[in-house]
Amino acid sequence: MLTAWSQGIIGLSMFGAGVAVEMMEPRMLGLAGGAGFVMISIVISMYYVRIRNRKTAGV
């Protein structure tokens, strides 16, 4: 089930990238994708630090 979901998401993202590359330059699309990955990693890191701080505080 997990593989089916991940393959579906990959397929949709490839389709979206194909549509987006018609609207903008490939370098700008790559920049936007890279910035998206950076933002997601920052949010996940902030969540991880918050959870870790709660565990050390005993909450």
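Is Met-24 buried, exposed or partly exposed? The tour reaches that residue at its last stop.

This is a predicted model, in which local features need pLDDT of at least 70 and side-chain atom pairs count only at pLDDT 80 or more, while totals for chains, interfaces and linings use all residues. Residues are numbered from 1 along each chain as its sequence is written, and side-chain values use heavy atoms, with hydrogens and water left out.

Begin with the whole chain in cartoon view, where the secondary structure consists of two helices and zero strands (DSSP runs numbered from the N terminus, with H or I over at least four residues for helices and E over at least two for strands). The radius of gyration is 17 Å, well over the 10 Å that the globule rule gives for 59 residues, so the chain is more spread out than a compact globule (taken over C-alpha atoms, the rule being 2.2 Å times the number of residues to the power 0.38).

Next, select Phe-15, Val-19, Met-23, Met-24, Met-28 and Leu-31, which form a nonpolar patch on the surface (residues with over 30% relative accessible area and no salt bridge, nonpolar side chains being joined within 5 Å; a salt bridge puts a side-chain nitrogen of Lys or Arg within 4 Å of a carboxyl oxygen of Asp or Glu). Colour α1 (2-23) and α2 (26-57), each of which supplies at least two residues of the patch, with the largest share, three residues, coming from α1.

Finally, centre on Met-24, in the loop between α1 and α2: Met-24 is partly exposed, at 35% relative accessible area (buried is under 20%, exposed over 50%, partly exposed in between, with a 1.4 Å probe and protein chains only).

Note on methods. Patch = residues over 30% accessible without salt bridge, like charges linked within 9 Å, V, L, I, M, F, W, Y side chains within 5 Å. Areas by Shrake-Rupley, 256 points an atom, 1.4 Å probe, with all protein chains shown as cover.
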